[in-house]
Amino acid sequence: MMKRTTQTLMFPVFICCAASAWFTESHLQAEEPHRPVPIIFDTDIGNDVDDVLALGMIHALEARGDCRLLAVTITKDNPLAASFTDAVNTFYGKGDIPIGICKSGVTPQPGKFNVLAEKKDDGKLRFPHDLKDPKQIPDAVTVLRTALAGAEDHSVVIAQVGFSTNLANLLKSSGDNISSLTGEELVKQKVKLLSIMAGAFEKIPRKGKMVDHREYNIVKDIPAAQQLAREWPTPIVWSGFEIGLNVAYPHESIEEDYNYTPHHPLAEAYILYNPPPHDRPTWDLTSVLYAVFPHRGYFDLSESGTVTVQPDGLTTFKPGDGQQRYLKLTDAQRVRVVEALVQLSSQPPQK
């Protein structure tokens, strides 16, 4: 296993194969979704800084009218993760976004930058927010069921960029006062696409060799990932480890593009996690970009098939019958994707 905190490596990009039956042409990929796209962000925020950049990117997309953030659910089992998420949402003028957490015992440490939720200057919170008491924070499944129950049928896109814990628990949930539908029935009725950053579908360079990679988001909760891959009832598009490795965030942006305010939660989180001149791979942002713009040719797609999570956390793909695909990336797309991620992540909040 290699945590996502890997060194940035020059890595070959992958050319997509011929177009398949799911979409007419690989570069067109899908019809433009109805806007704004309702999106749920499921994250392990605090374990890596790309989650924070991805959340800022969602707020920029919402300000542009491209998506609407319904809720954020968290798979890092530390209450500061929710507090920092609320601080970021509040920074972008969206402090009322519902936030839910799980109690899994997985990665219970605060993390390097979630402590920013408690940072004070002259006795006042540097990043104001009102989600301070862990007793205030509802369970992630409750938040997920509420968000889905209130959505139009077959409209919601879920960007899962952490562990599969919350979505696996959602599938197992029973009908309740939120909805008479089970979790699986709610997903089938309300969700259009699951865009997930997890797994690896190409070998990864390590110590001069190309090796199989057991990706962090999978390994931290293998049973949940297995259930998700096996039972999720809607299309899934996987962004493998190899994709984010190829689209590192340029540190110059952190140093220059966030200076419109004395304190910026994204830039300060990046610096606390691994300061410039480090160029951090941006795994999680790729799943958000595809979730909102599946039709814009930022990525190519594999043929359709099924993903299996092995007992040791290795992900394997079998083409054929199935609703699952994984992202592929050409060299030209890589340049375009990095530019899009930088411009969206660093976009100032709208007044």
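Let's start with residues 5-28. Their pLDDT stays under 50. The model still has 63 contacts for that stretch, counting those beyond four places in sequence. Where pLDDT is low, the predicted coordinates should not be read in detail. Keep that in mind, since this is a predicted model.

Now the chain as a whole. The protein averages a pLDDT of 92. Of its residues, 91% score at least 70.

Next, two helices. H3 covers residues 140-149, and H4 runs over 165-172. How do H3 and H4 pack? Their angle is about 65°, and the axes are 9 Å apart. That angle makes H3 roughly perpendicular to H4, because 65 to 115 degrees counts as such. The crossing of the pair is right-handed.

Which residues make the contact? From H3, we have Ala-140, Val-141, Leu-144, Arg-145 and Leu-148. From H4, we have Asn-166, Leu-167, Asn-169 and Leu-170. Sorted by class, that contact has six nonpolar residues, two polar and one charged.

Hold on to Arg-145, which is on the H3 side of that contact. Arg-145 is also touched by Ser-179.

So, on to Ser-179. Where is Ser-179? The residue lies in the loop between helix H4 and helix H5, and H5 spans 183-190. Is Ser-179 buried or exposed? Its relative accessibility is 12%, so Ser-179 counts as buried; the cut-off is under 20%. And what does Ser-179 touch, leaving out residues up to four places away in sequence? Arg-145, Ala-149 and Leu-186.

Conventions: Residues are numbered from 1 along each chain as its sequence is written. This is a predicted model: local features need pLDDT of at least 70, side-chain atom pairs count only at pLDDT 80 or more; totals for chains, interfaces and linings use all residues. Side-chain values use heavy atoms; hydrogens and water are left out. pLDDT is the predictor's confidence in each residue, from 0 to 100. Contact means heavy atoms within 4.5 Å. Helices (H or I, at least four residues) and strands (E, at least two) are DSSP runs, numbered from the N terminus. Buried means under 20% relative accessible area, exposed over 50%, partly exposed in between (1.4 Å probe, protein chains only). Axes are lines fitted to C-alpha atoms, for helices over the stretch in contact, and angles run from 0 to 180 degrees between N-to-C directions. Angles under 35 degrees count as roughly parallel, over 145 as roughly antiparallel, 65 to 115 as roughly perpendicular and the rest as oblique. A crossing is left-handed if the near helix is turned anticlockwise from the far one by less than a right angle, and right-handed if clockwise. Ala, Val, Leu, Ile, Met, Phe, Trp, Tyr, Cys and Pro count as nonpolar, Asp, Glu, Lys and Arg as charged, and the others, Gly among them, as polar.
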